[in-house]
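Please load the model in your viewer and keep the selection tool at hand. The tour goes from one selection to the next and says what is found at each stop.

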Amino acid sequence: MDVNLKAVSMFKAFGDETRLKIINIIQNDSLCVSEICEKVGMKQSAVSHQLQILRTNGIVKYEKKGKEVYYCLDDDHIKTIIKTMYDHISHHE
């Protein structure tokens, strides 16, 4: 896939309120799907769908620990993108 199309896809993934909530929730800690569901107030099937979109775009990664699957941000680049976005928003308020 062309690098520009990948960028568009990634920004689309950031452009959903639920996915952005998930990103913010797991910014500093790995959480299992049930914990993420509790924090966003959604059913597991809906959260799993959003996590799949984030995984496909390289925004989150997961690790299986026993029966649980834990999600965290893929790397510090994602934290930088999110922080830069919020800094930019604050700058224009």
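Helices here are DSSP runs of H or I with at least four residues, numbered from the N terminus. With that in mind, and remembering that this is a predicted model, select helix α2, which spans residues 17-25 and holds R19.

Colour the buried residues of α2, namely R19, L20, I22 and I23. Looking down the axis of α2, you will find these buried residues within an arc of 160°, so they line one face of the helix. Now show what they pack against, which is α1 (3-14), α3 (33-40), α4, β3 (68-73) and α5 (76-91).

Then centre on R19. Which side chain of opposite charge is nearest to R19? The nearest is that of D16, 4.2 Å away, and R19, although buried, has no salt bridge; the cut-off for a salt bridge is 4 Å. The side chain of R19 does reach the backbone oxygen of A13, at 2.9 Å. Beyond its neighbours within four places in sequence, R19 is in contact with K12, A13, Q50, I53 and L54.

Finally, select Q50 in helix α4 (residues 44-56). Q50 counts as buried because its relative accessibility is 11%, under the 20% limit. Leaving out residues up to four places away in sequence, Q50 touches D16, T18, R19 and I22.

Note on methods. Residues numbered from 1 in each chain as written. Predicted model: local features only at pLDDT ≥ 70, side-chain atom pairs only at ≥ 80, totals over all residues. Heavy atoms only, no water. Helix = DSSP H or I, 4+ residues; strand = E, 2+ residues; numbered from the N terminus. Buried < 20%, exposed > 50% of the residue type's maximum accessible area, 1.4 Å probe, protein only. Lys, Arg positive; Asp, Glu negative; His and termini not counted. Polar contact = N/O pair within 3.5 Å; in protein donor to acceptor, adjacent residues only side chain to side chain. Contact = heavy atoms within 4.5 Å. Arc of directions from axis to C-beta.
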